[in-house]
Amino acid sequence: MMFKKILSYFYPITVYNKSSNISKSIEVTLYNGKTLLNTKNTNYSYGSLQSVLKKGLLTIGQSEISKMNSVLVLGVAGGSVVKTLITDFEFTKSITGVELDPEIIEIANSYFDLDKVTNFKCIIDDAEQFVATSTDKFDLIIIDIFKDTEMPEFLFEERFINSIKQRLNINGYIIFNMMILDASKKYKIQNYLNHFEGENYSKNVLKNVERYNDLIIIKSL
């Protein structure tokens, strides 16, 4: 493995490839000495995506995150945001992850030791179903759901957004990672923000993070 890591500074090396019914092609790749989780067309964990979500967490701030008791991650993949919370923000409280694809969690456990994170619990479930039926509340909800480069339409529907609101504590935060590569991006961002009108929410949009991503950050007041 050490030899492959050295070679990865010259060109990417695929060390594992699997076809998943949900995520299609999943690859574990060595690149510049780092182990990444990718699909056919995009990075899922530990590459540019980790930098995107870390910027969202930095925008919220260490002092705010240190007050939190519970985090919900919708769309776990390799678990890079879980590792960011623990390593960079020293978060030791409860982290719950919801992931639809059990095969991708097997890879996360095998290659990224996600199952060794003691304050993390992973639930294999559909995120839409989970937030609609759960009674738990969270101080931070991270929404990071993709099928390769596509975002499921339910993420932008009123029913799902209302369920997210119900799962969020007062003074809690939402980080919604968006990557929309067509002309509908501006409309979808504005339409999403419209669901949080009024004095009960503050809103912030970080545009073109790592070039292609937009982060919507919302705080419940």
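Strands β1 (residues 13-20) and β2 (residues 24-31) pair in the antiparallel sense over 7 bridges, where strands are DSSP runs of E of at least two residues, helices are runs of H or I of at least four, and both are numbered from the N terminus; two strands pair if DSSP finds at least two bridges between them. Within this pairing, S20 stands opposite K24 in β2. Strand β2 also pairs with β3 (residues 34-39) in the antiparallel sense, over 6 bridges, and here T29 stands opposite L36 in β3. The hairpin of β2 and β3 has 2 residues between the strands, and N32 takes a positive phi near 55° in it.

The model is predicted, so that local features need pLDDT of at least 70 and side-chain atom pairs count only at pLDDT 80 or more, whereas totals for chains, interfaces and linings use all residues. Residues are numbered from 1 along each chain as its sequence is written, and side-chain values use heavy atoms, with hydrogens and water left out.

In helix α5 (residues 102-112), the residues E103, I104, I105, I107, A108 and F112 are buried, buried meaning under 20% relative accessible area, exposed over 50% and partly exposed in between, with a 1.4 Å probe and protein chains only. At the start of α5, a side-chain oxygen of D101 reaches to within 3.0 Å of the backbone nitrogen of E103, and just after the helix D113 takes a positive phi of about 55°.

Helix α7 (residues 158-167) has F160, I161, S163, I164 and R167 buried. These residues cover an arc of only 160° around the axis, which puts them on the same side of α7, the arc being that of the directions from the helix axis to the C-beta atoms. On the other side of α7, E158 and R159 are exposed. The cover over the buried residues of α7 includes β5 (70-74), α6 (127-133), β8 (138-143), β9 (168-178) and α8 (185-194), contact meaning heavy atoms within 4.5 Å.

Aromatic pairs, counted for rings of Phe, Tyr and Trp (its six-membered ring) with centres within 6.5 Å and classed as stacked for planes under 30 degrees apart, edge-to-face over 60 and tilted for the rest, come to 5. The rings of F154 and F160 have centres 5.0 Å apart and planes at 80°, so this pair is edge-to-face; F154 counts as buried at 13% relative accessibility, and F160 is buried with a relative accessible area of 2%. The rings of F196 and Y201, with centres 5.1 Å apart and planes at 85°, likewise form an edge-to-face pair, and both F196 and Y201 are buried. One aromatic cluster is formed by F156, F176, Y192, F196 and Y201. Two lysines lie over rings of this cluster, under the criterion that NZ of Lys or CZ of Arg is within 6 Å of the ring centre and within 35 degrees of the ring normal: K165 lies over the face of F196 at 5.1 Å from the ring centre, and the charged end of K188 sits over the ring of F156, 4.7 Å from its centre.

In strand β11 (residues 213-220), D214 counts as buried at 2% relative accessibility. A polar contact of 3.2 Å joins the side chains of D214 and K185, such a contact being a pair of N or O atoms within 3.5 Å of which, within protein, one must be able to donate a hydrogen and the other to accept it, with residues adjacent in sequence counting only if both atoms are side-chain atoms. The side chain of D214 also reaches the backbone nitrogen of N208 at 3.2 Å. Not counting residues up to four places away in sequence, D214 touches F176, N177, M178, K185, I189, L206, K207 and N208.
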